[in-house]
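Let's walk through a protein fold together, one question at a time. Have a look at the picture first, then read on.

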Amino acid sequence: MKTILFAAAVALAVLPAAAMAQSSHSMSDHSTMAGAKHGEEAAVAGTGTVNSVDADARKVNVTHEPIAAIGWPAMTMDFAVAEGVDLAALEAGAPVSFTLTRGADGIYMIETVQAR
């Protein structure tokens with residue numbers, strides 16, 4: 001009985017340390033991205049469908065497929081859009097390919113977009 005309790009105690013002590021090591025590794029991978037300034041980081045490609053366009057705020061709402069390069073699952077979200085993007089060319093329901101870059105504030109924005 002003491003052997004089983006000892007083994008359980010060791011397992012409980014080791015598992016959190018292993019989880020923290022794994023978590024720290026993941027965070028360090030992303031922390032280098034956070035330090036990059038707008039335009040210094042490579043653009044990340046994505047695909048999705050436009051749900052809405054807010055030209056006044058220069059934002060689009062997109063349901064996108066998973067973006068493995070930055071560890072994002074498929075989801076629906078609002079994106080700021082770079083000044084060079086023609087928002088008049090986008091409409092709700094349009095399937096699109098886009099690239100994201102991280103702004104100086106650390107938030108991704110759509111740098112380029114085109115209909116698929």
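This is a predicted model: local features need pLDDT of at least 70, side-chain atom pairs count only at pLDDT 80 or more; totals for chains, interfaces and linings use all residues.

Residues are numbered from 1 along each chain as its sequence is written, and side-chain values use heavy atoms, leaving out hydrogens and water.

Q: Which side chain meets Arg58 in a salt bridge?
A: Side chains of opposite charge can pair when their charged atoms come close. Here the N to O distance is 3.7 Å, and the partner of Arg58 is Glu83.

Q: How many residues apart in sequence are the parts that the Arg58 and Glu83 pair ties together?
A: Strands are DSSP runs of E, at least two residues long, just as helices are runs of H or I with at least four, and both are numbered from the N terminus. Arg58 sits in the loop between strand S1 (44-54) and S2, while Glu83 sits in the loop between S3 and strand S4 (95-102). So the pair ties together parts whose separation in sequence is 25 residues.

Q: Is Glu83 buried or exposed?
A: Buried means under 20% relative accessible area, exposed over 50%, and partly exposed in between (1.4 Å probe, protein chains only). Arg58, at 19%, is buried. Glu83 has a relative accessible area of 67%, so Glu83 is exposed.

Q: In what order do the five strands of the closed barrel run?
A: Two strands pair if DSSP finds at least two bridges between them. S2 and S3, for instance, pair in the antiparallel sense over six bridges. The barrel as a whole has mixed pairing, and its order is S1-S2-S3-S5-S4.

Q: Which side chain makes a polar contact with the side chain of Asn61?
A: Asn61 belongs to strand S2 (residues 59-64) and is buried at 16% relative accessible area. A polar contact is a pair of N or O atoms within 3.5 Å; within protein, one must be able to donate a hydrogen and the other to accept it, and residues adjacent in sequence count only if both atoms are side-chain atoms. At 2.9 Å, the partner is Asp78.

Q: What is the relative accessible area of Val81?
A: You'll find Val81 in strand S3 (residues 75-81). Val81 is buried, and its relative accessible area is 6%.

How values were computed:
A salt bridge is a side-chain nitrogen of Lys or Arg within 4 Å of a carboxyl oxygen of Asp or Glu.
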